[in-house]
Amino acid sequence: MQDHTQHAGHPDHSIHAGHTSHANHSDHAGHTDHSGHGSGGVSWAMAARATLHCLTGCAIGEILGMVIGTALGWGNVPTMVLAIVLAFFFGYTLTLRSVVKAGVDFRTAFRVALAADTLSIAVMELIDNGVIVLWPGAMDAMLSDVLFWGALAISLAVAFVVTTPVNKWMIGRGKGHAVVHRYHH
């Protein structure tokens with residue numbers, strides 16, 4: 001019988017004896033800064049920062065869309081569609097800007113932004129617009145009404161609270177803003 005422990009052309013894997021798990025990455029050069037990217041190691045603060053980043057873009061687009069649609073006297077549906085489109089646009093743009101600034105080409109940065117933000121923005125927009133639709137009178141409020149600004153502010157706050165656990169879950173699985181963090185090293 002032939003000894004198959006060392007094949008010609010294959011490295012000696014015996015140096016890995018006793019290395020059965022990757023639970024302790026601190027022993028590997030270049031792998032010391034992965035806190036928060038493994039399952040369960042994500043802090044609420046990290047998730048909140050990711051959500052706040054997302055909320056910033058969403059809020060810019062949402063407010064701008066609502067203001068434009070309301071000022072132009074558009075109906076509720078076209079105004080809400082504009083607000084949602086602008087929320088996605090500004091949400092993606094903020095991420096694109098930071099990833100391109102890190103030296104990544106636009107095409108790759110665009111894919112990173114889509115992977116990082118799509119679910120987060122979608123959840124945020126669903127909650128935000130859901131609150132506005134369900135709030136009595138909010139859909140008919142004018143720019144000069146306290147109800148317009150109050151419902152919008154509260155809807156964004158509720159969206160932040162609901163989306164933060166979603167971002168925590170995604171980051172913990174290496175998705176969402178964990179993708180963006182790979183480009184900030």
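1. A quick word on terms: helices are DSSP runs of H or I with at least four residues, numbered from the N terminus. With that in hand, Phe106 and Phe110 both sit in helix 3, four residues apart, or about one turn of the helix.

2. Some ground rules: this is a predicted model, where local features need pLDDT of at least 70, side-chain atom pairs count only at pLDDT 80 or more, and totals for chains, interfaces and linings use all residues. Residues are numbered from 1 along each chain as its sequence is written, and side-chain values use heavy atoms, leaving out hydrogens and water.

3. Back to those two rings. The structure holds four aromatic pairs (Phe, Tyr or Trp rings, the six-membered one for Trp, with centres within 6.5 Å; stacked under 30 degrees between planes, edge-to-face over 60, tilted for the rest). Phe106 and Phe110 make a stacked one, at 6.2 Å centre to centre and 20° between the planes.

4. How covered are they? Phe106 is exposed, at 55% relative accessible area, while Phe110 is partly exposed at 36% (buried is under 20%, exposed over 50%, partly exposed in between, with a 1.4 Å probe and protein chains only).

5. Another pair to look at is Phe148 with Trp149, edge-to-face at 4.8 Å centre to centre and 75° between the planes. Phe148 is buried, with a relative accessible area of 6%, whereas Trp149 is partly exposed at 40%.

How values were computed:
Helix = DSSP H or I, 4+ residues; strand = E, 2+ residues; numbered from the N terminus.
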